[in-house]
Amino acid sequence: MSTTTPTSAQATAPASALPVAPAAATHCPYCALQCAMTLTPTALPGPSGSVAPEVSVAGREFPTNRGGLCQKGWTSASVLRAADRLTVPLVRGRSGEMEPTTWDAALDLVASRLARIAAESGPQAVAVFGGGGLTNEKAYTLGKFARTVLRTPFIDYNGRFCMASAAAAANRSLGADRGLPFPLSDLGGADAVLLLGSNVAETMPPSVQHLAGARAAGGLVVVDPRRSATARLADDPSTGSGRGAQGVHLQPVPGTDLAVLLGLAHVVLAEGLADAAYLAERTTGFDDVARSVAAWWPERVEAVTGVPVPELRRVARLLAAASPSRGGRGAYVLTGRGVEQSSQGTATVTAAINLALILGLVGRVGSGYGAVTGQGNGQGGREHGQKSDQLPGYRKIDDPAAREHVAAVWGVDPESLPGPGVPAVALLRSLGTPGGPRALLVHGSNLLVSAPDAAAVRARLEALDLLVVCDVVPSETALIADVVLPVTQWAEEEGTMTSLEGRVIRRRKATDAPGDARSELWVWAELARRLGSPVHLATDPAEVFDELARASAGGVADYGGLSHARLDDDEAGGGPGFHWPVPAADHPGTPRLFLDRFPTPDGRARMIPVDHIGPTDDLRPDAPLWLTTGRVLQHYQSGAQTHRVPELERLVPAPYAELHPLLGARLGVPDGARVRLTTARGTTTATARWTDTVRPDTVFLPFHWSGEGSANLLTTDAVDPVSGMPEFKVCAVAVAPAEEA
Ligand SMILES: Nc1nc2c(c(=O)[nH]1)N[C@H]1C(S)=C(S)[C@@H](COP(=O)(O)OP(=O)(O)OC[C@H]3O[C@@H](n4cnc5c(=O)[nH]c(N)nc54)[C@H](O)[C@@H]3O)O[C@H]1N2
Ligand SMILES: Nc1nc2c(c(=O)[nH]1)N[C@H]1C(S)=C(S)[C@@H](COP(=O)(O)OP(=O)(O)OC[C@H]3O[C@@H](n4cnc5c(=O)[nH]c(N)nc54)[C@H](O)[C@@H]3O)O[C@H]1N2
Ligand code: SF4
Ligand SMILES: [Mo]
């Protein structure tokens, strides 16, 4: 198995008397852009004179990042040697303290307690929670482990917080969900890009270069209740070449994007700007959608969303002018978490797809609709079986043919496979309740910080008989576990990831894990053995991938023609990886989906009428403002990793809340003062940061912190009825000065 690819960085590795492994060509540990980087091991003296292998990071040329990295990428190697990195298994002792133990003792304990709980209460008394940061190999094996070894239906993962609404809508309307069904670099040739609820300038900084074409054409449209760093790319000439405005920023009330989209479709149709030939040839259901948007005249949209009528018309015309049907160079409609993390997220994405279809954009080279996938393997993580209703290859677990195919690859009886489980929020709510799961295994999520209504989640986790957390650091969730297992991560393991554009890429090992951290592949195989399961769980990532390829073959996300060896050969030859589906070993991959037909029964995209209802929470006298949550450049998710990077911690050390100066002045909360935020779920305190980039009726709170500054003590666990995705982006909040302690 090839573990390294020689690169020029090798030549620049520092000279050392100690043997140094060659540089590894790999990708960033964090987000779905999966920027290419080279890790060069350096040998530095460790704390006690020992040699602790370290790696240095350099950006690497790749079509998505073109050599660029963001601050998180540059500093990512720090997490490998975090001062409190987990290096031995820990078990909670009689005193309540976590005590170090051996792998044998820890695994024996976990296996015997799982066996007892299953014997007493049935296999569904054990549940599993996965993560979108796991490699394809680990995500696949976790799904197989749950269904064949534990035989529980109850597996779901944090992608439910992240991608579920975009996935549900794309599957329903287009027949397949691949975040971007085209290469990211295609954006560069378009005249217009409509970005709804996505702050890529902070969440995927190197991707911003692909917006240059749209900005130059004056066609970057950003929809965000905040004038985010990305919105400034659209309307602040100082961020561009100085040639004037680069586009438009629409600043709606949080949770009203669906009305904005219905209004845009209304204007396009009313002004006769639709692509009638495309609609006739490639879609069904147009008439119903046309009827449903008829009532969303621009003045009504303005009343609901706050977006001025002239701005709405301007954007509709700008998008239509960019459409190839009207002689433009192309246009893209893209959605992010700002619109998807909503109780009407699936409907909103459906409306975005409908707009793109009305303009004739989808399945056309140089135009399209896409969702900007979030986590490192957010895409692959949702294809191979961590989702409660899913089997590998994006197959449905309730489809008899899918069950038969996958069961044959796994060597089990299809009848033995459990049926669908429940989505993450429902799963979390059921933990430790009568008849609900009594044990939970967590792999790659810090639920206590990132799940909605975090105080309720803590209560459910504490009600379990057994909580087992695999992690690389003592995350907040690991700290309340009964057993913590130290696992390998990112630069310590081989595997594959699938990026936001459906490109399957190699993650390569550059250094050994410290202490006694082990791969989760090994952990699952050892647990299976101890539980007496006859099912074979491979532990070599290349072997796991080959099995995944067979299990996915013939499915929507078909990796059948891929192997680690093929990916390595391709990259050694300068190839940029393969976009799925890749059904055969000589198939070149599929950079662009839907060009000829949609993978629906009649080959057409389905236009589905949707309507705006509004968020679940409503403003009320004791909660008169909107709260929205999201990200800052320097921190990643629950912060389990980035809070352990000194450079990033220095830049953004503590939780803060963005308040418009008018609001701050009215409430008596000066810039820099402590502010108390209260919702029906709980209270959070943070430092007020005055900024006129946020709407005066809205407070923005990043969710990267635990404790009293935790955003998720405030959020609602209301979910989208189709996707089960929680409404992280909008709830009603009261804001007041915090009494100083
Ligand atoms: N720095 C950093 N980068 C990351 C991550 C990270 O944690 N930190 N996480 C990665 C992951 S997993 C994900 S999912 C992506 C997320 O990437 P994004 O979707 O870009 O991230 P968010 O900050 O959650 O939300 C984007 C924007 O939505 C806006 N917003 C809030 N409410 C609304 C609304 O009602 N309507 C609209 N239109 N906009 C709204 C917010 O103001 C914010 O600017 O980022 C990935 N990259
Ligand atoms: N209020 C609010 N809440 C949100 C969001 C929001 O916008 N607003 N966004 C949501 C979204 S989009 C997401 S994706 C979630 C993410 O939130 P989480 O699911 O908490 O994601 P991370 O913080 O990335 O946690 C990943 C954990 O896995 C560990 N880890 C890293 N590599 C490995 C590995 O290989 N194996 C194992 N076992 N562990 C590993 C890390 O150390 C970390 O503890 O948060 C959601 N929560
Ligand atoms: S944009 Fe994402 S993948 Fe690229 S360096 Fe930053 S965190 Fe890593
Ligand atoms: Mo995410």
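**Reading domains and a ligand site**

Mentor: Let's start with one pair: D177 and R382 form a salt bridge, with 2.7 Å between their closest N and O atoms. The term means a side-chain nitrogen of Lys or Arg within 4 Å of a carboxyl oxygen of Asp or Glu. Bear in mind that this is a predicted model, where local features need pLDDT of at least 70 and side-chain atom pairs count only at pLDDT 80 or more, while totals for chains, interfaces and linings use all residues. Residues are numbered from 1 along each chain as its sequence is written, chains are lettered from A and ligands numbered from 1 in the order in which they are written, and side-chain values use heavy atoms, with hydrogens and water left out.

Trainee: Which domains is the protein chain divided into?

Mentor: Bounds come from an automatic or database domain assignment. Here we get domain 1 (10-81), domain 2 (90-161 + 377-536), domain 3 (164-371) and domain 4 (625-740). Taken over C-alpha atoms, the centres of domain 2 and domain 3 sit 36 Å apart. Their contact (heavy atoms within 4.5 Å) draws ten residues from domain 2 and twelve from domain 3.

Trainee: How much area do domain 2 and domain 3 bury between them?

Mentor: An interface's size is often given as the accessible area lost when the parts come together. That loss is found with a 1.4 Å probe and summed over both parts. For domain 2 and domain 3 the figure is about 890 Å², with 47% of it on carbon and sulfur atoms. Y394, L500 and E501 supply 52% of what domain 2 buries against domain 3, more than any other three residues.

Trainee: Which residues are closest to ligand 2?

Mentor: The closest are N158, S450, D471, E520 and S638, out of 32 surrounding residues (each with a heavy atom within 4 Å). A polar side-chain atom of N158 is 2.6 Å from an oxygen atom of ligand 2. For K138, a side-chain N or O atom is 2.8 Å from a ligand 2 oxygen.

Trainee: Why does ligand 2 lie between domain 2 and domain 4?

Mentor: Because both domain 2 and domain 4 give residues to the shell around ligand 2.

Conventions:
Polar contact = N/O pair within 3.5 Å; in protein donor to acceptor, adjacent residues only side chain to side chain. Buried area = accessible area lost by both parts, 1.4 Å probe.
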